[in-house]
Amino acid sequence: MRPYHYLIVGAGLFGSMFAHQAKQKGKRCLVIDKRHHLGGNIYCETIEGIHVHKYGAHIFHTSNKAVWDFVNAIVPFNRYTNSPIANFHGELYNLPFNMNTFHQMWGVRTPEEAMKMIESQKAAALAELKGREPRNLEEQALTLVGKDIFERLIKEYTEKQWGRKCTELPAFIIKRLPVRFTYDNNYFNDLYQGIPIGGYNKLTDGLLKDIDCKTGVDFFHSEYKDWKQVAEKLVYTGQIDEYFGYKLGRLDWRTVTFKTRVEDTPNFQGNAVVNYTSHDEPFTRIIEHKHFEMFGQAIYDCPKTVVSEEYSLEYREGMEPYYPVNNEFNNQLAEQYRALAAQEKDVIFGGRLAEYVYYDMAPIVEKVLNMEIR
């Protein structure tokens, strides 16, 4: 009899959720992670009494009450509402695109005035195409929201994110751009959103309670590579191409790096998320972490603050892969790797890296809750 039913490679949200659910079924699990902490990209470190999202801002949002009730049963969530700000050459705009944005941009006050501005600019963009389909992201975006919104809030920000000009990016990246003709700065349309009170480590610790975990262990360079010696089944959440030794070629990723610093002020920018949408700044946004969990007077009761500048980069080996590059080449290659994965006996591939799919947190929770674990 092997010591464990499941060896789970990766202590991120998918791995932690799977371990928790398997334990509820009476299964013995061992979770390993090559990082020296649990939680994957939702891990927080505490600096100056502030829970810092080490791998970028994570905001939990869902309309699925079962998912919301599940995570709140592990740790209560607060009422944080994501309302980012865009900074373009020092001018500030509310996001997502809504009546506040349009008033800031054009001085309009009514939905009818805003609609007329956008429709006239969309019509000009469509006339430029002379009946043909948009060939790139720039042409696509101009037909969706017009010149002003595109040039101030999309063009340069997108180019920083992807490291390519908008004219070089495929049109399908932007199928639609949500436009609201209400004064509503809430970024998400979901019924529920928030941050775990006490930080995301509380969620990870709750999911992995009483489960065997080992950090600082690289699956491919440890005794666990021969996983059938220790477990009946493998749950793999790492990069799918790495699992197969890159034998079909390497998948492309975008990655992000962070410059985090302490500021000697209780309130640096007045908002958790400020996007910098011009090329004036090399970073895409600044995160001020205390605003995820501190509100009202609590902001000023904590005398310092922690901010992170976020930089988008082309992935190179040794970096952390973040976002799949969903162009035709990578989509075809990923499909070939998924076909190989489907043939692996007693191996479950799950999560962003193993499926080459960008996931928000709630769909991961929902996916594992609906899995049949035997």
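**Reading aromatic rings in a predicted model**

The charged end of R79 lies over the ring of F295, at 3.9 Å from the ring centre.

Student: How many aromatic pairs does the structure hold?

Tutor: There are 24 aromatic pairs in the structure. Taking one of them, the ring centres of F60 and F77 are 5.5 Å apart and their planes stand at 65 degrees, and because planes over 60 degrees apart count as edge-to-face, that is the name this pair receives.

Student: Where do F60 and F77 lie in the chain?

Tutor: F60 belongs to strand β5 (residues 60–62), while F77 is in the loop between α2 (65–74) and β6 (85–88), so the pair ties together parts that are 17 residues apart in sequence.

Student: Are F60 and F77 buried or exposed?

Tutor: F60 is buried, with a relative accessible area of 0%, and F77 is also buried, with a value of 9%.

Student: How are the rings of F244 and F349 arranged?

Tutor: The pair of F244 and F349 is stacked, with 5.9 Å from centre to centre and 15 degrees between the planes. The pair links distant parts of the chain, 105 residues apart, since F244 is in the loop between α8 (240–243) and β11 (253–263) and F349 is in strand β16 (residues 347–349). F244 is buried at 11% relative accessible area, and F349 is buried at 14%.

Student: Which residues do ring pairs link into a cluster?

Tutor: The cluster linked by ring pairs consists of F219, F220, Y236, Y243, F244, Y337 and F349.

Note on methods. Residues are numbered from 1 along each chain as its sequence is written. This is a predicted model: local features need pLDDT of at least 70, side-chain atom pairs count only at pLDDT 80 or more; totals for chains, interfaces and linings use all residues. Side-chain values use heavy atoms; hydrogens and water are left out. Rings of Phe, Tyr and Trp (its six-membered ring) pair if their centres lie within 6.5 Å; planes under 30 degrees apart count as stacked, over 60 as edge-to-face and the rest as tilted. Helices (H or I, at least four residues) and strands (E, at least two) are DSSP runs, numbered from the N terminus. Buried means under 20% relative accessible area, exposed over 50%, partly exposed in between (1.4 Å probe, protein chains only). A charge sits over a ring if NZ of Lys or CZ of Arg is within 6 Å of the ring centre and within 35 degrees of the ring normal.
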